[in-house]
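I opened this entry to record what I looked up, one item at a time. Overall make-up comes before the details.

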Amino acid sequence: ATANPWWSNAVVYQIYPRSFQDTNGDGFGDLKGITSRLDYLADLGVDVLWLSPVFKSPQDDNGYDISDYQDIDPLFGTLEDMDELLAEAHKRGLKIVMDLVVNHTSDEHAWFEASKDKTDPHADWYWWRPAKPGHEPGTPGAEPNQWGSYFGGSAWEYCPERGEYYLHQFSKKQPDLNWENPAVRKAVYDMMNWWMDRGIDGFRMDVITLISKHVDANGELPGIAGALTEDLPVGEEGYSSPNPFCADGPRQDEFLAEMRREVFEGREGFLTVGEAPGITPERNEHITNPANKELDMLFLFDHVGEGEGRSKWELVPFQPSWLRDKLAAQQDAVRNAGWASLFFCNHDQPRVVSRWGDDSTEEARVRSAKAFGLLLHMHRGTPYVYQGEELGMTNAHFTSLDQYRDLESINAFRQRVQEAKIQSPESMMESLAAISRDNARTPMQWDASVYAGFTAPDADVEPWISVNPNHAAINAAAEFDDPDSVYGFYKQLIALRHDNPIVSAGDWNPVDGADEHVYAFVRELDGRRLLVMVNLSGRPVDLPAESAALLAAGVDESQIVIATRGASHAVVSIANNELAGWEG
Ligand code: TEU
Ligand code: CA
């Protein structure tokens with residue numbers, strides 16, 4: 001096998017620019033803000049920064065609706081600001097990965113404007129279909145089919161200029177590009193090469209496993225009978241299961257291999273990570289197996305609730321054994337080839353410390369944050385830290401609908417409470433408080449000042465979304481110099497990834513027989529073993545008995561890491577890497 005690629009012991013930090021650091025007092029984060037915080041990120045020890053989109057956009061889906069891929073939206077700054085950020089990051093040994101959103105563009109992109117004219121060369125760059133009068137999408141027996149959007153309602157929107165419907169799996173301002181058209185693929189590759197030549201270090205690829213649709217022999221999309229569900233692609237049991245006719249289609253591998261050849265052949269030191277709704281652990285192995293020259297790694301979704309056959313808004317209690325089974329399957333599939341990304345948090349997911357941990361007291365919050373941080377970072381793969389996760393930032397705990405900004409959440413409230421009457425307002429507010437994407441999008445908490453140091457205290461506008469009131473206690477300034485803080489703990493986790501080859505390259509194997517709330521596994525490299533046991537319950541569990549049973553697994557005492565979410569247990573030091581004496 002080839003030597004381990006550089007990213008196999010790297011840690012990636014995701015920045016949501018809109019909420020990271022505002023330097024011009026308009027209440028929105030910007031590129032100059034990121035540049036001003038590079039020393040903080042270098043101190044944390046991360047290797048790569050992934051920026052959520054900063055390209056020109058009407059901001060319908062906070063930048064995931066791009067109207068010009070080769071310019072920066074004024075909200076965030078200019079191309080010169082981007083060049084300065086690249087230069088300053090590279091000076092500090094930090095790589096920058098941009099967010100590639102090419103399953104769809106904005107409806108304000110020049111390509112889409114041109115496509116409205118059937119005689120234009122761009123006419124076939126999107127999925128346009130006529131509808132039989134009286135059978136419009138969204139009605140029984142709809143033509144061309146009855147697919148639903150991830151953001152609710154029909155996935156087909158009528159365009160009067162063209163007199164046809166266009167497909168949008170997300171908002172109606174995000175029309176799907178037609179990847180069957182080679183001209184579309186060439187335009188995307190040209191744009192990617194333009195950015196790589198400008199000096200970026202790779203891409204995170206938004207819903208890249210939706211670009212190949214399951215079209216039939218003559219390129220037609222399949223229809224689906226049945227009523228349009230209020231928030232899901234029809235034929236799907238639950239929100240979290242992507243539309244089966246658009247996920248991982250027949251040309252998925254062909255397109256990814258072509259992209260690899262056209263853009264990355266001959267380049268070095270880059271990273272490609274694909275966001276992969278609808279992909280199984282087994283398919284992950286194929287796509288990330290270096291022999292297939294497709295992508296370096298993927299974000300899978302089954303461990304954050306996709307495919308559970310229910311709507312994301314139907315809350316279920318956290319089961320440690322469920323999480324263990326999902327992550328074990330992901331680790332197992334790439335045991336011999338392929339690679340795993342490791343994440344719990346991102347801009348679409350609630351914050352793990354609130355979702356699966358306990359943020360009800362300061363002590364429980366810190367323990368939970370460390371327990372889930374340790375659990376994730378001790379697995380085999382490349383860990384992703386989402387802005388604020390390293391501080392133990394929590395969900396927003398909003399109490400009124402007007403505090404929400406995300407169109408997915410606002411649409412869901414309207415569809416489920418007012419239209420389909422599936423949930424009461426109170427129940428929906430509970431669902432939003434638990435799992436709305438806005439939980440991850442409140443401003444980064446830098447200090448205890450009125451806007452958490454995100455926007456200057458004397459700014460004449462408020463931040464675009466409310467700052468979490470708990471920023472007075474939870475902020476970088478309070479944690480930066482405290483080795484016992486969540487920040488201090490994440491620094492150690494990241495250092496372990498860099499310095500301890502068992503962590504970065506060791507095999508992963510589950511350890512059975514532990515209490516159902518104890519997530520236990522062994523990492524092994526050249527005969528050296530590291531036993532990790534994390535108590536994910538809120539109560540003490542009999543870990544010493546567990547460790548006695550598990551010591552039989554042949555791990556010497558000096559290599560046991562025990563973290564708990566609830567009770568306190570000392571963390572025994574890992575030989576030659578300190579996590580010693582941490583009261584979990
Ligand atoms: O997300 C893909 C996606 O499926 C999201 O809808 C997510 O899985 C879901 O909201 C979980 O609750 C990507 C981006 O990360 C997301 O921010 C965009 O809204 C979406 O694609 C469309 O570009
Ligand atoms: Ca700003």
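**Chain overview**

I began with burial: 62% of the 584 residues of the protein chain count as buried. The model is predicted, so I read every value as computed from it. I then looked up the secondary structure and found 16 helices and 19 strands in the protein chain. Next I checked contacts between residues at least 6 apart in sequence. Of these, 70% join residues at least 24 apart.

**Calcium site**

Which residues coordinate the calcium ion (ligand 2)? I listed Asp 22 (OD), Asn 24 (OD1), Asp 26 (OD), Phe 28 (O) and Asp 30 (OD). Their distances run from 2.2 to 2.4 Å. I noted the spacing of the donor residues in sequence as D-x1-N-x1-D-x1-F-x1-D. Asp 22 and Asp 30 are both buried.

**Helix pair α11 and α12**

I turned to helix α11 (residues 407–419) and helix α12 (residues 425–435). Their axes come within 10 Å and cross at roughly 155°. An angle over 145 degrees counts as roughly antiparallel, so α11 is roughly antiparallel to α12. I logged the crossing of α11 past α12 as right-handed.

Which residues make the contact? From α11 I wrote down Ser 409, Ala 412, Phe 413, Arg 416 and Val 417. From α12 I wrote down Pro 425, Met 428, Met 429 and Leu 432. By class, I have 7 nonpolar, 1 polar and 1 charged residues in the contact of α11 with α12.

Notes
Residues are numbered from 1 along each chain as its sequence is written. Chains are lettered from A and ligands numbered from 1 in the order in which they are written. This is a predicted model: local features need pLDDT of at least 70, side-chain atom pairs count only at pLDDT 80 or more; totals for chains, interfaces and linings use all residues. Side-chain values use heavy atoms; hydrogens and water are left out. Axes are lines fitted to C-alpha atoms, for helices over the stretch in contact, and angles run from 0 to 180 degrees between N-to-C directions. Helices (H or I, at least four residues) and strands (E, at least two) are DSSP runs, numbered from the N terminus. Angles under 35 degrees count as roughly parallel, over 145 as roughly antiparallel, 65 to 115 as roughly perpendicular and the rest as oblique. A crossing is left-handed if the near helix is turned anticlockwise from the far one by less than a right angle, and right-handed if clockwise. Contact means heavy atoms within 4.5 Å. Ala, Val, Leu, Ile, Met, Phe, Trp, Tyr, Cys and Pro count as nonpolar, Asp, Glu, Lys and Arg as charged, and the others, Gly among them, as polar. Donors are N, O and S atoms within 2.8 Å of the metal (3.2 Å for Na, K and Ca); water is not among the atoms, so sites may look incomplete. Buried means under 20% relative accessible area, exposed over 50%, partly exposed in between (1.4 Å probe, protein chains only).
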